[in-house]
Amino acid sequence: MPVRIAISAERGRRERASGAWLDRFIDGYVADAARVSPEKPVIIDGSGTLTYAEADRSIDAMARNLHRLGVTAGEVVSWQLPNWHEAFLLHHGILRAGAVSNPIVPIYRRHEVEYMLREAGSRVLVIPESFRGFDYVAMAGEMRSALPDLAHVVIARPQQPRELTFSDLTGGDGPRLDVTRSPDDPMLLMFTSGTTARPKGVLHTHNTLDYENRSIVEIFELDGADSVFMPSPLSHITGLLYGIQLPAMLGTIAVLQDVWEPGEALALLAQHRCTVTVAATPFLHGLTHHPELARFDLSALRLFACGGADVPPGLVRGARTALDCYVTRIYGSTEIPTLSTTGPHDPPEKGAQTDGRMIGTAAFRIVDDAGVPVADGTIGDLEAKGPETFVGYLKPSDAADAFTKDGWFRTGDLASADAAGFLSIRGRSKDIVLRGGENISVTEIEALLFEHPDVVEVAIVAMPDPVLVERACAFVVPREGTLPELGELTTFLDRFNVAKQKYPERLELVPELPKTQSGKIQKFLLRQEIQRLLDQEPRTLLR
């Protein structure tokens, strides 16, 4: 089922006239680098090194073989891969076939993956045989009967003979696939959870994400002498942009880490002389506070852009000293990947205290409930737009309230700005928990817990955590005569095949939930209550 979406002629003229959209294909950067530096490494992972020449040949083969599997222009190919070189090849191969790349984070299980594949109408799914002890092949087998469009499951790094493997996609010779495509075609489908339990499918084109990467190159003054370290999942917008797409644009290398361990990360940074990384708060915290940090030579590291979750100013300041590099906050979303940050020529304290200024030609405004812009320093709803803004949702109905009448994207975040235009995110109007850079929909888990026989009412809120930024706390009104425990509730969730990162990590039993007169739960009061409880037991984060 091809994905189609129309970009307004007015937007196309505006972005091209400004020079923001250059009508380049993302996979073309790999081909260009292969012609200039064929033997230069592009990806280093735990399995070895991949050169640009090897990558370009494999991407050509990938496009041809996907076509043989029946994938046509505009169709979605889904993949759930760790930070392996296969993800780099697959993403670019899908694009070269004129299809739409649909990354799915490896922590997701059947509940989430089956929904995404069904919505996307995916013909092909690429998965590892196993990763971190989980059997992805078994999960795929359980889903097949519910997914009539799914014709092929491709296994990466198989441990035993399989019907269709990743090497089958990269094998064979032949001419480059001739497919009609446009830089305005959708090339990325990425699902993101927000205020509802049902994830929304975000669509980007070559033009929106090409501009996004080029704007980052400009503000951070990156070039071919840089090299990227990427511990963030390549199936996240951060990992995909800076671990898969950015290296080829620069003609440089990316060093991938598939399982986060700060000591190993420090070793990789030192060994490969990496200069740049973009990752979430837990990654920065892990490096900065590692007890053996002094053993590692990080003299090549010059930039750590930290986002995806709240970044404490003290962590930025401490990391700058500990890592001896430029550390700054960065803000964005799947819909508008990188809206703001600070560059090396901005006042250093702005990179610690604020979320930065607009990048390139992006713009923002902060408005009150009536949509009227607020004064400097006043908190309001953040709206934004720019050349990197996504082109729509997979379901058009999801965009009903996403944009204002005059074209501004409603981010769902609360923010303020100073007179110089530096933005500070002040909270979220979206009902999510930001756990280690992951947006976790609490509505989804609340709905599942409500099915437990001992749960009368449930509300989940974020509680602060010094490392992961937030964890989920469940406030439960139990059935009379019962006292359900946290372990009992999480065991109950196991039957739904939900990613364990979404599970509540603290349980508070209460006689009733605070509500408005209209019956809406007042979650701000619950957030205040969990903060009060944490203040009473500062060394105990989980119960």
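Where is D324 found?

## The model and its numbering

This is a predicted model, in which local features need pLDDT of at least 70 and side-chain atom pairs count only at pLDDT 80 or more, while totals for chains, interfaces and linings use all residues. Residues are numbered from 1 along each chain as its sequence is written, and side-chain values use heavy atoms, with hydrogens and water left out.

D324 is found in the loop between helix 12 (313-323) and strand 15 (326-331), where helices (H or I, at least four residues) and strands (E, at least two) are DSSP runs numbered from the N terminus. With a relative accessible area of 65%, D324 is exposed; exposed means over 50%, buried under 20% and partly exposed in between, for a 1.4 Å probe and protein chains only. Although D324 is not a glycine, its phi is positive, at about 55°.

Most residues other than glycine have a negative phi. N497, also a residue other than glycine, has a positive phi near 55°. The loop that holds N497 runs between helix 15 (486-494) and strand 27 (506-509), and N497 counts as partly exposed because its relative accessibility is 32%.

L95 lies in helix 4 (residues 85-96) and counts as buried because its relative accessibility is 0%. Leaving aside residues up to four places away in sequence, L95 touches I26, D27, S101, R181, M187 and H206, a contact being heavy atoms within 4.5 Å. From C-alpha to C-alpha, L95 and G28 are 9.5 Å apart in space, while 67 residues apart in sequence.
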